[in-house]
Amino acid sequence: MTQQPPPQRSLFDLFDDAARQAVHQAREEVVRTKREAIGPEHLLGGLARVEGGLLSQVLADAKVDRAQLLAALDEICGSGSTATPPAQLPFTQPAQQVMQIVMQAAAASMHSTIRSEHLLLALLQDPQGPLAKALEKLGTNRDPLGKALMPRFQAIPRDPRMEAQARAAAEAQSQQRAAQALAGLTPSAQRVLDEARRQAQELGHGQLGTPHLLLALLLDQDRLTSNLFIKLGLRPEEARSELLRQLRAAPEAAAKA
């Protein structure tokens, strides 16, 4: 029996109930304004027409009248001439860009669910968008709305799975960078680095610092390094003993070096 592939999820499967209600209202806005596709202005109108919804709360905090905002939006965007919009309403190119910003904002904030906060944040991003123009017509700008939105946006809980994936990706990237750095070392440099790590471990230091590298160089049998110390009037074994004495007397110095 052939195993059927799992059904593909649409973007709207990620929306919570409030965001879906806003999109439903946006569709009603398309019909009301006799257009053929959902634009940013319809998404904005949909958010504003959800009674008691996020945008209503943000507008109240920002001292912006919701009815006046909707009136300004209608005045700016006007109406079309489509008597019967298509059953499946597409998104205009600007609305698609809004949705891209929505997804980017959710992913960057490690939110697994799309909420009204993401939609409003995306609409606030465009300085020439319908929200900015409507606010300008009312004698204000986007700043008060942004300030009212951010505490709500920051209060959205992060998805623990996405946080774990981000940590794993960061660790993998760090290991890859470390491997690339090590790939450029000569065998003698690799030997010194390994010895430096061993010295740090023996001293009980949690981080590798330059004193550990110097200890490793003082122990290394490379003739060029040994001769350099001798030419500078330093006996490697005496310099090593003095460095160890100082590190044991002030172990915090190694952590800062």
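Tutor: A pocket is an open set of grid points with protein on both sides within 12 Å along at least five of seven lines. This model is predicted. Its largest pocket has a volume of about 160 Å³.

Student: What makes a residue part of the lining, and which helices supply at least two residues of the lining of the largest pocket?

Tutor: A lining residue has an atom within 4 Å of a point. Helix 5 (93-108), helix 6 (116-125) and helix 7 (130-137) each supply at least two such residues. Helix 5 gives the most, with 4 residues. The lining includes Pro 94, Val 98, Leu 123 and Asp 126. By class, the lining divides into 8 nonpolar, 3 polar and 1 charged.

Student: Why is Ser 109 called buried?

Tutor: Buried means under 20% relative accessible area. Ser 109 has 17%, so Ser 109 is buried. Ser 109 is found in the loop between helix 5 and helix 6. Leaving aside neighbours within four places in sequence, Ser 109 is in contact with Phe 153 and Arg 158.

Student: What makes a set of residues a nonpolar core?

Tutor: The members are buried and joined through side-chain atoms within 4.5 Å. The largest nonpolar core has 45 residues; Leu 43, Leu 55, Leu 119, Leu 120, Leu 131 and Leu 145 touch the most other members. Helices supplying at least two residues of this core include helix 1 (17-32) and helix 8 (143-154). Apart from it lies another core of 7 residues, among them Leu 203 and Leu 247.

Student: Which residues is Leu 43 in contact with, leaving aside its neighbours within four places in sequence?

Tutor: Leu 43 is in contact with Ala 26, Ile 38, Phe 91, Ala 95, Val 98, Met 99 and Leu 123.

Conventions:
Residues are numbered from 1 along each chain as its sequence is written. This is a predicted model: local features need pLDDT of at least 70, side-chain atom pairs count only at pLDDT 80 or more; totals for chains, interfaces and linings use all residues. Side-chain values use heavy atoms; hydrogens and water are left out. On a 1 Å grid over the protein atoms alone, a cavity is a set of points where a 1.4 Å probe fits but cannot get out, and a pocket is an open set with protein on both sides within 12 Å along at least five of seven lines; lining residues have an atom within 4 Å of a point. Grid points are joined across faces, edges and corners, and a volume is the space filled by probe spheres set on the points. Ala, Val, Leu, Ile, Met, Phe, Trp, Tyr, Cys and Pro count as nonpolar, Asp, Glu, Lys and Arg as charged, and the others, Gly among them, as polar. Buried means under 20% relative accessible area, exposed over 50%, partly exposed in between (1.4 Å probe, protein chains only). Contact means heavy atoms within 4.5 Å.
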